[in-house]
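Student: I am new to this structure and would like to go through it step by step. Could we begin with the spaces inside?

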Amino acid sequence: MAIPAADPSRRGEEIAALRDRATVIRRLILDMLTTAGSGHPGGSLSAVEIVTALYFGGVLRYDPKWPDWPDRDRFILSKGHGVPVLYAALAEAGYFPHEELRTLRRIDSRLQGHPVYGTAPGIEASTGSLGQGLSIGLGMALAARLDKRRYRVFVLLGDGECQEGQVWEAAMAAGHHRVDNLIAIVDYNKFQLDGAISDIMELDPLAAKWESMRWDVIEIDGHDLGEVLRAFEWAVGRDRPACIIAHTTKGKGVSFMEGENAYHGVAPTEEELVRALAELDTARARAEASIEREAREDKEAGR
Amino acid sequence: MKELYPGLEFGKATRDAYGEALRDLGRQYEDIVVLDADLAGSTRSAYFGEEFPDRFFNVGIQEANMVGMAGGFASCGKVPFISSFASFVILKGFDQLRMAVAYPKLNVKVAGSHGGISLGEDGASQQAVEDVALACSLPGFTVCVPCDEHQMRAAVRAAYHHRGPVYLRLGRPKVPVIYRSEPEDFAFGKAVRLREGTDVTVIANGLMVGAAIVAHDRLRDKGISVRVVDMATVKPLDEDEVLSAARETRGIIVAEEHLIHGGLGSRVAQAVCRLHPAPMEFVGLDDTYAESGAPADLLRKYGLTADNIVDAVRRLLAR
């Protein structure tokens, strides 16, 4: 079953609530990484709006009280190093308590440094060796077809990850089988560990690559929640696999991390955490002001 | 090849038995899905594919993707059997076997055909000599090298009923029949004592079981009593049987169609060291790849015949 057709004017309030949620998720990411003392802020922050839209924008069908619900949609974080964004979303969704986030990367924790299937509820695949999530998702999507179940499988890939050959094996196979319940999202933040994608191993034309594998492709601003939601509405219920290329900024939301690749795999210090949280507060206040202004303008224009 | 196994009848190749058994299981169990990477005709998984096209996925030449897909199927409750040549599914799919199967402990069955060097003329790129070592290195994997068509059928059935990842090694050529029919008491981790003996024990699997029986017969005529143990399951190892051999005979020869490092020999040696140190000799490939050639010529040149086992027994008894 496809989710309802695109609502052209998702209410401003709904978007505003999602923006709030995205800010909360950013705060949780920064907090858990600072506590852990290691991890990957850049690629966690770039994916916040994508993951927020999935879990809180009415895209994913899931039940935190019943993580093994056979008809649940599956979400695979193939770029496993970005797992703080997933743990934050799962805690927000109610899969496990928020306190557990501060156990990230500690001995005996369910929150491993990269996602591990069978540990924390809501984790659908073990990832961390890049390139593998789409194949796993393809197997899940085909299993749904065999069982006549209607769940969808969403796989979030990194841009650097798309340099892995296995991604294109899976893309080719999904296109061949016209797997219509498989949706890939590429978090195209333009950087990989060692530097700029364009310097190390260019991906462009990325959309053409997916199209050539017989996928439907859309390119969006991966931080514009309205666009992200519309992209998911577009992506579900097509007759072949869909890929959303989300243009994003690594480290999004924290000025000194944005586009600064040093924060690919280095956790913030306590002092940086304080600065980052203060910025998020300011950003939130600004966002609230602009939402109020938009609402006022809408009202004045009689919309 | 028949000249290497005098006195033994030849049956089908173990890959033939794999394909037949898998097709038969498919009739019984709807949760089986089968994946192959463009070698379905050779691995015989095509038998399943012909009868159950909806549950059969030929992914083309994409071993890594095939293994990942199997992990996805398994996490949704399917029981995937995936096959290719052992060289390709284990070596090209190794990281995927680790991440999508072993680490998440998923219920995937892996069949590597054309194991060892007895596939012959295609040469070393196709000959898997390190597959068993690699499969054994994956935590939680059961690893089994059946010796004939009957044992292979039992192993395929056992793989389906076992919950967890399994690696089965299949062979290309027709091989000697060791069991008269499908052994009903087959179980992973349970060795079979095929010949009693009191002087030395030969522990073998796969193609080397037949060679061990021939060696047993030859040495019996010279007054040497050789116990022959079929250790089809390399992991988990039947340590009780190893302990008996170490205690009750003067030493152990391990024979396998594989590198002598990392496979059955290494695992038996580890158990012997820990449980009851005893002299050992190893028959297998010693840090080398093989080459193109007729299977029998390769087995002779690379030291995988009954004669090589006889020599190892003599070496051991001379120590």
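This is a predicted model: local features need pLDDT of at least 70, side-chain atom pairs count only at pLDDT 80 or more; totals for chains, interfaces and linings use all residues.

Student: Which residues line the second largest cavity?

Tutor: The lining consists of A:Tyr55, A:Leu60, A:Tyr62, A:Pro67, A:Arg72, A:Asp73, A:Phe75, A:Leu90, A:Tyr95, A:Gly122 and A:Glu124. By class, seven are nonpolar, one is polar and three are charged. The space in this cavity comes to about 60 Å³.

Student: And how much space lies in the largest cavity?

Tutor: About 150 Å³. It is lined by 15 residues, and those closest to its centre are B:Pro146, B:Gly171, B:Gly206, B:Leu207 and B:Glu257. The lining divides into seven nonpolar, six polar and two charged residues.

Student: Let us turn to strands. Why is strand β11 of chain B described as largely enclosed?

Tutor: Strand β11(B), residues 226-230, has five of its five residues buried, so the rest of the structure largely encloses it. B:Val226, B:Val228 and B:Asp230 point one way from the strand, while B:Arg227 and B:Val229 point the other way.

Student: Which strand joins β11(B) in an antiparallel run?

Tutor: That is β9(B), residues 192-195, which is joined to β11(B) by three bridges. Within this pairing, B:Arg193 has B:Val229 as its bridge partner.

Student: Moving to chain A, what is the strand order in its open sheet of five strands?

Tutor: The order is β1-β2-β3-β7-β6, with parallel pairing. The edge strands are β1(A), residues 74-77, and β6(A), residues 216-221, each of which pairs on one side only. Neighbouring strands of the sheet are turned by 20° against each other on average, direction ignored.

Student: How many bridges are there between β1(A) and β2(A)?

Tutor: There are four, and the two strands pair in the parallel sense, with β2(A) covering residues 153-158. One of the contacts has A:Arg74 with A:Val153 of β2(A) as its bridge partner.

Technical notes
Residues are numbered from 1 along each chain as its sequence is written. Chains are lettered from A and ligands numbered from 1 in the order in which they are written. Side-chain values use heavy atoms; hydrogens and water are left out. On a 1 Å grid over the protein atoms alone, a cavity is a set of points where a 1.4 Å probe fits but cannot get out, and a pocket is an open set with protein on both sides within 12 Å along at least five of seven lines; lining residues have an atom within 4 Å of a point. Grid points are joined across faces, edges and corners, and a volume is the space filled by probe spheres set on the points. Ala, Val, Leu, Ile, Met, Phe, Trp, Tyr, Cys and Pro count as nonpolar, Asp, Glu, Lys and Arg as charged, and the others, Gly among them, as polar. Buried means under 20% relative accessible area, exposed over 50%, partly exposed in between (1.4 Å probe, protein chains only). Two strands pair if DSSP finds at least two bridges between them. Axes are lines fitted to C-alpha atoms, for helices over the stretch in contact, and angles run from 0 to 180 degrees between N-to-C directions.
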